[in-house]
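Subject: The structure, and what turned up in it

Hi,

Here is the structure I promised to pass on.

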Amino acid sequence: MTDRAFAVIGNGVDTQFDQVTFSGGGIRCFWHGGFLSKAGNALDLQVERVSGVSGGALSAAAWLGERENDLRMLMTEAFRINDANYDAARSNFTPHEKIYRAVVETTLDDDAIDKIADGPEYQVHLSRPPSYLGPKLAALVFGALYKIEEALRGTPHLVLPRRAGLGGLCIDARQAAREGRLVDLICAAATIPPVFDTPQWAGGPVLDGGMLDKAPLPQPDEGRTLILLSSRYRNLPRSGQRIYVQPSREVAADKIDFAVADKVGRTWRQGESDARSWLAEHGLNR
């Protein structure tokens, strides 16, 4: 793989996409916002289905609700106020859950939620730990498995966690928006114990879906898909129906570092720069 900001599968880039997938990656997902802020208009994305996982679920919601810049500014300000990733006053000893929920609630106002509810199909992917493991132990076990597989196979689409018993849920986020549960769903998607408490969804505990697949495709998977990653991968599936776009280099943001505000802006700006390079490479910078 080169150091370019993209991986093209097939001959050239057809700008017509039916689906968009937002990968996980925590705060690294601000690369998505920067990339789409420059590439979105050129691609004129009018898609039928959108999927998101982990922090990518929030990226997708902000994009669909037209709140990308609001999210960037609010998260930056929240990190500027917060000066540590440790909070002894909280039960899980971190400020992450409180900060994340406050930003999500503020970003996704009523108007944004209405846009999402009336927009294209939008799915949020969660994972379900097996009943024989508690959520905290499951997060440790399956988190280790996906890290091992990422290192060995270098792909966002994982196999080992599912084989080891981690289940998956694909949630209709438009319906959650209509029911007033979208904020809960977005927050549930980013659950990594012990940094976050374990929520319940559909009758059981759920964890970050990124432990099952870093970039899960929509269901049904039909048509051409633009897959936005937040990290670099050595091996991407070869399919003329998928275009994977990834950062040109490791982004500035750390996955769960909530104490350094400028990393948000630096990651966003890298997304903008990578988008300009990607568009120019394919003659799409119109």
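Predicted model: local features only at pLDDT ≥ 70, side-chain atom pairs only at ≥ 80, totals over all residues.

S54 sits in the loop between β3 and α2. Its backbone is worth a look too: phi is positive, about 55°, although S54 is not a glycine. D44 is another non-glycine residue with a positive phi, in this case near 50°. You'll find D44 in the loop between α1 (30-43) and β3 (49-53). While you're checking the backbone, go to the peptide bond from Q219 to P220, which is cis, with omega near 0°. P220 belongs to the loop between β8 (207-208) and β9. For context, most residues other than glycine have a negative phi, and most peptide bonds are trans.

Now the inside. The largest nonpolar core has 68 residues, and Y122, L182 and I186 are those with the most contacts within it. Leaving aside residues up to four places away in sequence, L182 touches L108, I113, I116, Y122, A173, A176 and A177. Another core lies apart from that one; it has 11 residues, among them A139, L145, L158 and L212. In soluble globular proteins, nonpolar side chains tend to be buried together.

Next, two helix pairs. Helix α2 (residues 55-64) and helix α3 (residues 68-81) have axes that come within 7 Å and cross at roughly 130°, so α2 and α3 are oblique to each other. On the α2 side the contact is made by L58, A62 and W63, and on the α3 side by E68, L71 and M75. By class, that contact of α2 with α3 has 5 nonpolar residues, 1 charged and no polar ones.

The other pair is helix α4 (residues 96-107) with helix α9 (residues 182-189), whose axes come within 10 Å and cross at roughly 140°. α4 and α9 are therefore oblique to each other, and α4 passes α9 in a right-handed crossing. Y100, R101, V104 and E105 of α4 meet V183, D184, I186 and C187 of α9. The residues of this contact of α4 with α9 divide into 5 nonpolar, 3 charged and no polar.

Finally, two residues that I looked at one by one:

- S127 is in strand β4 (residues 121-128) and counts as buried because its relative accessibility is 0%. Beyond residues up to four places away in sequence, S127 touches L166, G167, G168, P205, V206, L207, D208, G209, M211 and L212.
- N235 lies in the loop between β9 (225-228) and β10 (242-245), and its 41% relative accessibility is why N235 counts as partly exposed. The C-alpha atoms of N235 and F196 are 31 Å apart, for two residues 39 apart along the chain. N235 touches R153, G154, T155 and P156, again not counting residues up to four places away in sequence.

Cheers

Methods:
Residues numbered from 1 in each chain as written. Heavy atoms only, no water. Core = buried A, V, L, I, M, F, W, Y, C linked by side-chain atoms within 4.5 Å. Buried < 20%, exposed > 50% of the residue type's maximum accessible area, 1.4 Å probe, protein only. Contact = heavy atoms within 4.5 Å. Axes fitted to C-alpha atoms, helices over the stretch in contact; angles between N-to-C directions. Helix = DSSP H or I, 4+ residues; strand = E, 2+ residues; numbered from the N terminus. Parallel < 35°, antiparallel > 145°, perpendicular 65-115°, else oblique. Nonpolar A, V, L, I, M, F, W, Y, C, P; charged D, E, K, R; others polar. Left-handed = near helix turned anticlockwise from the far one by under 90°.
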